[in-house]
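Trainee: I would like to learn how to read some features of a protein model. Could we start with contacts between side chains?

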Amino acid sequence: MAERELPRSETVLERSLPRAAYVEPAFFERERAAIFAAEWCYAGRLEQFEHAGAFVALDLAGESVVVVRGDEGELYAHLNLCRHRGSRLVCGSGTLRGAIRCPYHGWAYAFDGTLIASPFVAAADRPADVGRLHPVAVDSWGGFVFVHLDPERARRETLAAQLGPVPERLRRYPLAALRTGRSFRYDVRANWKVLLENYNECYHCAGVHPELCQVVPAFKRRGGAGLDWERGIPHRDGAWTFSRSGSSDRLPFPGLDDDERVRHKGELIYPNFMLSLSADHVAAFSVRPREAGETEIVCDLLFHPDEIGKPGFDPSDAAEFWDLVNRQDWTICERVQAGMRSRAFAYGYYAPMEDASLDIRRYVAAHLGQDAVATE
């Protein structure tokens, strides 16, 4: 979306969210209930679940969720705790053989969450409410998997409704066909909203990302103001992708329009999905808050399977560039988080070219109420 640049004489800097929104555990607890338990959250790529029993356990703002492929190809998601004594059922990722089995006492559940075995405890002796795992809604778009901790609400508020116009804007990118060529995991000592605000502006790019600005000079012009994300951001002459050289021996995705073959696009899908699209690869970021000041980020670099299948496929040009840019972002975000812990910090300000970052105030207010964003 194009940003509006106001003349300096008309500019009034708007306040950011208050300090508590970034540093207070009590505020984070409110977000866990009102945002992460009430919205569709990005969980990873569908390719992780290519065969029956394939599973991934992930932490979603302090709630562990297991996503698993069923025997008939269905995708299921459950809270990752046994109904017997509450033990975590699985960790990490892998393949389950036939059932989800609790490591504590051996209770077993079918992939759809139904309890199928409780050693030495007869079915007649089990309370009715332990008959299945706590369900989590699951859906997908473009090869991306999303989960919702409130299945009833998820039926009313669908993934398609939450995504809004994003699928249409990205319709020419072959997202569902792409495969992961490289992944990175980062532990960042910053609030999840600091990371999203940073992603939503390029005022910082000239000082924080000199290598990126060599490839995309538009990111540093006028403090990153006036960027037309709807059309995409142009690279320098002769460049067309995110790498140090601005080019690659990989072919652009088939079906892109003339702009998409030479411009960079980005989408921020609240609450935890950042998507950056080049002509030959896509960077998908899963933002997973752990607590008020700690966030895990998984960055998957996605490529066309035809390119991955070529002899000598090497994603290092994109991977090294993205890892550099990512680490620059996480480092500056950690410095922001450290500064905001000061007793002197009550709130910050958004510059005119940070208009998109203001959206996070509206998003938080819509879920937690206007009191959550009040700075007076």
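Mentor: A polar contact is a pair of N or O atoms within 3.5 Å, where one must be able to donate a hydrogen and the other to accept it. Keep in mind that this is a predicted model. Here, the side chains of Lys265 and Glu260 are joined by a polar contact of 3.0 Å.

Trainee: Where is Lys265 found, and what does Lys265 touch?

Mentor: Lys265 belongs to strand E14, residues 263-269. Setting aside residues up to four places away in sequence, Lys265 touches a list of residues that includes Arg169, Tyr173, Trp229, Arg231 and Glu260.

Trainee: Does "buried" or "exposed" describe a residue like that, and what is the cut-off?

Mentor: Buried means under 20% relative accessible area, and exposed means over 50%, with partly exposed in between. Lys265 has 8% relative accessibility, so Lys265 counts as buried. Val282 is another case: its relative accessibility is 0%, so Val282 is buried too.

Trainee: In which strand does Val282 lie, and which residues is Val282 in contact with?

Mentor: Val282 lies in strand E16, which covers residues 281-291. Leaving aside neighbours within four places in sequence, the contacts of Val282 include Leu175, Leu178, Phe253, Asp300 and Leu302.

Trainee: Next, salt bridges. How many salt bridges does the count come to?

Mentor: A salt bridge here needs a side-chain nitrogen of Lys or Arg within 4 Å of a carboxyl oxygen of Asp or Glu. By this rule the count is 27 salt bridges. One of them joins the side chains of Arg32 and Glu29, at 3.4 Å from N to O.

Trainee: In which helix do Arg32 and Glu29 lie?

Mentor: First the general idea. An α-helix has 3.6 residues a turn, so residues three or four places apart point the same way. Arg32 and Glu29 both lie in helix H2, residues 25-36, and are three residues apart, about one turn of the helix. Arg32 is partly exposed at 25% relative accessible area, and Glu29 is partly exposed at 42%.

Trainee: Which parts does the salt bridge between Arg290 and Asp187 tie together?

Mentor: Start with the atoms: in the salt bridge of Arg290 with Asp187, the closest N and O atoms are 2.8 Å apart. Arg290 lies in strand E16 and Asp187 in strand E12, residues 179-188, so this pair ties together parts that are 103 residues apart in sequence. Arg290 is partly exposed at 35% relative accessibility, and Asp187 is partly exposed at 42%.

Trainee: Which residues are linked with Arg290 and Asp187 in a network of salt bridges?

Mentor: The network links Arg185, Asp187, Arg288, Arg290 and Glu296.

Methods:
Residues numbered from 1 in each chain as written. Predicted model: local features only at pLDDT ≥ 70, side-chain atom pairs only at ≥ 80, totals over all residues. Heavy atoms only, no water. Helix = DSSP H or I, 4+ residues; strand = E, 2+ residues; numbered from the N terminus. Buried < 20%, exposed > 50% of the residue type's maximum accessible area, 1.4 Å probe, protein only. Contact = heavy atoms within 4.5 Å.
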